[in-house]
Structure formats: C-alpha cells, structure tokens
Amino acid sequence: AVGGRLAEVARFGSEEWTALLRDKVVDAVKLELDRRQREARSQITVALQADAERAKELAIVTNTIRLHTAEMAAMRADVQHAADAANQVETRMKEFASHDLVAVKTDVQKLADFGGIWSEKIERNIERIDQLVFHTGFSPPDPQFRRWCARSRGDGVHFNQDLTIAFRRSDTPRASTTGGLIFGDFPLSAQSLAKAAKSDGPSLRYFECVIEDCSSTGKHTGLFLGISTTEPRSVKSGCFEGWEVGGSGKFLRRRVPDPNMGEEHTEAMQSAWLSGKLSRGDTVGLLVGSWGCAVVVNGKLMVRHEAAIPSSNLWAVCRLVGSARCLRLRPGAGLPPGAEAMHTAAPLLTLPPLSETARQPLAMPTTGDAAATSESRVEEGDGPQKNPSVQDAGLSSETEPQAVEAI
C-alpha cells in the first residue's frame, strides 16, 4: 500500500515531494516497529517472571512430596515393626499360656493334696489368736485420723508434705461450692468419758486445729468446722451429708438426696460463734456426740448445737474461707477439759432430728432468741455468768458447777 501510494505521488508530484513523503512514511513505520518491540519485550518479561514463580512452587511441591514420601516409608517400617513385635508377643503368650496352664494344674493338684493340712493349721492359728486376744485384751488398732485427705480438697487449697497443714493462697473466698473445703483421711475415733474409770460411758469424737495464719480481709466470716457422714473420696462437687458451724454465725445441715446428681440441700440456723474473730495461734476444736456438736476455742466452750448425729463413721470437715488462710491439724488430740460438762450442758441452739425435718426447711430463730443465744457466749477472761439458759436446762450452780462454768 505504501509503495502504491508512492508510485501515485511520483506520477503526479515532484521528486522533492516524493522524497519528503517517503521519509515520513519510513519514520512512521520505525515508530510502530519500536512500539511493538517494547510491548513484545514487556510480555516476554511477565511470562518469564510467571515461569519463575511456577518453578518455585513446583520445587516446593516436589520437596513436600519427597518429605511425605519419606515419612510414609518410615511409617510403613514402624507398622511392619509393630506387626512383627505383635506376632512375637502372640507367639510368646501362647508359649507362656501352655507353660502356665501346666504349672497351674500342678499347683492345684498340690493344693488339693495339702488342703486339709493347711486348713487344720489355719484353724489352730485362729484359735490361738482368739485365746491371745481373750487373755490379753489386745485388738488391732483402728486407723487414726492424723492428716488431711489429699484426694478430696476444694478449690485453692494446698497441703504441706505430711498433709497436716492446709492453706489457701487467695485472700478472698471463692464462689464455688468446693472453695477451701478439706476432709480428714480417716473417720474420727470414738473416745469415752469413762475411760479412766474403766467402765462404759458416752462416746464422743473430737478433733482440734490451730490457726496458723489469718488475713485482715474477710473478718465478717471465717473458718467452718464440721463433720461428714459421706466418705471423702466419694464426695462430688463439694456435696456431702453432714453439719457445719462457723462463718458469720451459721449452723448448717447439709443433705444430699441423690449422690449421683451432685446436688445438696442446705438448712441454715443462726449460731452464737463468729469464727471471723479467730486470731493467729488460737486452738479451735469440734466436740461431737449423739446429742450434737460443740465448738471449743482455747479450751472454752463457745457454742453447743443439738442435732441427730448418727454413731456411724464421721469424717472431719473444715472450710478455709473469709479470714482463715492456714490451718494446722493436731493429730491425736484428746478430749478438751470439761468435756463431760460440755456433754451434759444445755444446747444454745437446737436443730431438730433428721426425721422431723426431712421434708420441711428449718425456721430461723426470732430476733429475741438470737440475742439470747449471743448473750450466752462466754468470752475469754470472763468468769461464770448466770444465764436464763441454765435455768431452762434444769441446772444449778450448786449441783452442776462445771456445766454452769462451761455455759
């Protein structure tokens, strides 16, 4: 097309015009060629970069496949090794089974031959042991409650190495039902009041602790002491059958209708004992009998509650809340001084037996009753005081001086 145009111009124009037009056409063609060459180079560069990226991805995929292949080969080797080991074990088990069967048959035959002789020896030994117990009065001792149960403890509770000291790290009580809860490892041992006279008397149970540390916060509430008829290792979610006294003046009766549900019903009454006032070094104990329980602080009766407590196994229960932070158990503590007076004293607050309150909640005492019960508490350093509760119990200072002093 350009040549035809030039031929046409050559026929009708001058030679100068023809040369000028030819130069312009040549420049236009060169510009077009340069543009297309730049576009071609740009496309080639993009294609090369894309190829390089694909090459990298291909190398990564290839390396990953190689690693997976090696891992699969190792897994196949491990599986094969495990299969071989299983086959060897099965073979050995068959060998041992055949050998053990023969040995067991031999042992059974020997036992059958000598069974009569062993039976006679065992019977003679049993008779000798019975005679020894009859003549000496010796009997194997029962397990004693000497430490806390490490397997049954509430949230935030820690123990020392010999499980006689329990402490919690937080200053504020936890909101959970198991916060600060600890149990004894064995049931409380029964102790007789008439032990010195070698005659039958009322059996009491008693455990004692020492306050090793208490915080400045939480003075409105504090330590709870109690007993549980539920074995500590079977307690679920902190629910147990038992009684607790302490805190901000509370006496609690805990019931578990269905142990599998992990729920409990709590009946509360007022108590004259405020455990938040305990100080470091105070000795606090719980005296338990068939009549109920009594709290003893530094050898003095603080409060006595009546409850239908069974004579079955009873485990010690403590709850470190409020101001109580560290508690040390005193293993093997004997009955406190004046235990007989505490046993016969009139109750300061009464909780009806289980049969009377199984289906109805307990009524809280009136304001007048609560004031009377709080007045009946004897503070440390005070002498014996006359109290209406003594008259109600049928006691007098002339016939029962120890009971009057305890109250």
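Begin by selecting Asn298, which is partly exposed at 34% relative accessibility. The model in the viewer is predicted. Asn298 lies in the loop that joins β12 (292-297) to β13 (300-306). Its phi is near 55°, a positive value in a residue that is not glycine.

Next, select Leu163, in the loop between β2 (157-159) and β3 (165-168). Here too the backbone carries a positive phi in a non-glycine residue, with a value near 60°.

Return to Cys318 and show its surroundings. Leaving aside residues up to four places away in sequence, Cys318 touches Trp148, Gly180, Leu181, Ile182, Phe207, Cys209, Leu223, Phe224, Leu225 and Leu327.

From that list, select Cys209, which is buried at 0% relative accessibility. Which cysteine sulfur is closest to that of Cys209? It is the sulfur of Cys318, at 4.4 Å, and this is too far for a bond, because a disulfide requires the two sulfur atoms to be within 2.5 Å. By this rule, the model contains zero disulfides.

Finally, select Cys293, a buried cysteine with a relative accessible area of 4%.

Key. Residues are numbered from 1 along each chain as its sequence is written. This is a predicted model: local features need pLDDT of at least 70, side-chain atom pairs count only at pLDDT 80 or more; totals for chains, interfaces and linings use all residues. Side-chain values use heavy atoms; hydrogens and water are left out. Contact means heavy atoms within 4.5 Å. Buried means under 20% relative accessible area, exposed over 50%, partly exposed in between (1.4 Å probe, protein chains only). Helices (H or I, at least four residues) and strands (E, at least two) are DSSP runs, numbered from the N terminus.
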